[in-house]
Amino acid sequence: MLTPPLTLTEQVARQIAADIAQGVHRVGAKLPSGRVLAEQYGVSAAVIREVTERLRAQGLIQSRQGSGCTVTSRTGAQGFLLSDSIAASREQLASVYELRMELEGGAAALAALRRDDADLAAMADSLARLERHLEDPEQGVENDISFHLAVAASTHNSHYADLLRYLNLQLRQAVGAARANSRQQAGLSVAVHQEHVAVFEAIRAQDAVAARQAAVGHLRQAAARLQLALAEDAP
C-alpha cells in the first residue's frame, strides 16, 4: 500500500519538532510568532495554527492567548494520543464525530444546568461572530470552535474544556471539513448556523434534555452531510 503524501501541516510540524529536538528552539524559549513561522515556511496562518495544536498535543509546547507558544519538552509525550491524520481517513473522521457526540452532548446538558449570565454572553458573542463570518473559510472555523468551547466552559467543569482543547487539532479538522462541505450548497451554512442557535437556546432555557438532543443532533447532521457512517444505535 502506498503511503499517502505528507500534508503541509505534517511537513511543517515535523520540521519544527526536529528543530526542538536538536535544540534550535530551546526548552523554555518561545517559538517565533505565527506570522513569522507562516512566512518562514511559506504557508498560511491556518496551517501554522494546526501545526502549533499538533505540537501542543504532542507535549512539545504550551500556548497561551496573547503570550505565544513556549517550548516545554524536546521529546513528545507518550501518553494518550489520537491520530493526527483524520483528514485522510473517513473512518477516523467518523470516530471523532462519535466521540464528539458523547462529549459535547454531555457538555451541553451540564451547561444548561450550570450556565450563568457571563456564560450566556460568551456563547452569544461567539454565535454573533460566527454569523458574520458564515462563508469565511478561516474565521468560520475559528468562531465555530469558539462556540463549542464556550459551551464546554459553561459546564463549570474544567475537564470538558481541557479535553476539547486537547482535541483541538481533531476538532479543527472535523469542523473545517463540515464547514467546507456546507459552503458547497447555497443556504446550507445558514441552516447549520440555526443548529448552533438551537443548542444555545436550549442551554439558555436550562433544558438539559433539549440541550443534549440539540448538540448530538447537530453533530449527527454534520456527519450525515459528510456521508460518514456512524453507529446506528448511537444516541
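Is the crossing of helix 4 and helix 10 left-handed or right-handed? The legends below take up this and other close-up views of a predicted model, in which local features need pLDDT of at least 70 and side-chain atom pairs count only at pLDDT 80 or more, while totals for chains, interfaces and linings use all residues. Residues are numbered from 1 along each chain as its sequence is written, and side-chain values use heavy atoms, with hydrogens and water left out.

**View 1. Helix 4 against helix 10.** The crossing of helix 4 and helix 10 is right-handed; a crossing is called left-handed if the near helix is turned anticlockwise from the far one by less than a right angle, and right-handed if clockwise. Helices (H or I, at least four residues) and strands (E, at least two) are DSSP runs, numbered from the N terminus. The two helices pack at an angle of about 155°, with their axes 7 Å apart, where axes are lines fitted to C-alpha atoms, for helices over the stretch in contact, and angles run from 0 to 180 degrees between N-to-C directions. Helix 4 and helix 10 are therefore roughly antiparallel to each other (angles under 35 degrees count as roughly parallel, over 145 as roughly antiparallel, 65 to 115 as roughly perpendicular and the rest as oblique). Residues that make the contact (heavy atoms within 4.5 Å) include Tyr-97, Met-101 and Leu-113 of helix 4 and Val-216, Leu-219 and Arg-220 of helix 10. By class, this contact of helix 4 with helix 10 has 13 nonpolar, 2 polar and 4 charged residues, where Ala, Val, Leu, Ile, Met, Phe, Trp, Tyr, Cys and Pro count as nonpolar, Asp, Glu, Lys and Arg as charged, and the others, Gly among them, as polar.

**View 2. Helix 9 against helix 10.** Helix 9 (residues 188–204) and helix 10 (residues 208–225) pack with their axes 7 Å apart, at an angle of about 160°, and they are therefore roughly antiparallel to each other. Their crossing is left-handed. Among the residues that make the contact are Leu-188, Val-192 and Ile-203 of helix 9, together with Ala-214, His-218 and Arg-225 of helix 10. The contact of helix 9 with helix 10 has 10 nonpolar, 3 polar and 2 charged residues.

**View 3. Helix 1 against helix 3.** Helix 1 (residues 8–21) packs with helix 3 at an angle of about 50°, and their axes are 9 Å apart. That makes helix 1 oblique to helix 3, and the crossing of these helices is right-handed. Residues of helix 1, including Leu-8, Val-12 and Ile-16, meet residues of helix 3, including Val-47, Val-51 and Leu-55.

**View 4. The largest pocket.** The largest pocket has a volume of about 990 Å³. On a 1 Å grid over the protein atoms alone, a cavity is a set of points where a 1.4 Å probe fits but cannot get out, a pocket is an open set with protein on both sides within 12 Å along at least five of seven lines, and lining residues have an atom within 4 Å of a point. Grid points are joined across faces, edges and corners, and a volume is the space filled by probe spheres set on the points. Of the 28 residues that line this pocket, Thr-52, Glu-53, Ser-63, Arg-64 and Gln-65 are the closest to its centre. Helix 3 gives the most to the lining, with 6 residues, and by class the lining has 9 nonpolar, 10 polar and 9 charged residues.

View 5. The structure holds 3 cavities of 30 Å³ or more, and the largest cavity has a volume of about 120 Å³. The largest cavity is lined by 15 residues, of which Asp-144, Ala-178, Val-192, His-218 and Ala-222 lie nearest its centre. The second largest cavity has a volume of about 90 Å³, and its lining includes Glu-104, Phe-147, Leu-164 and His-218. Its lining residues divide into 7 nonpolar, 2 polar and 1 charged.
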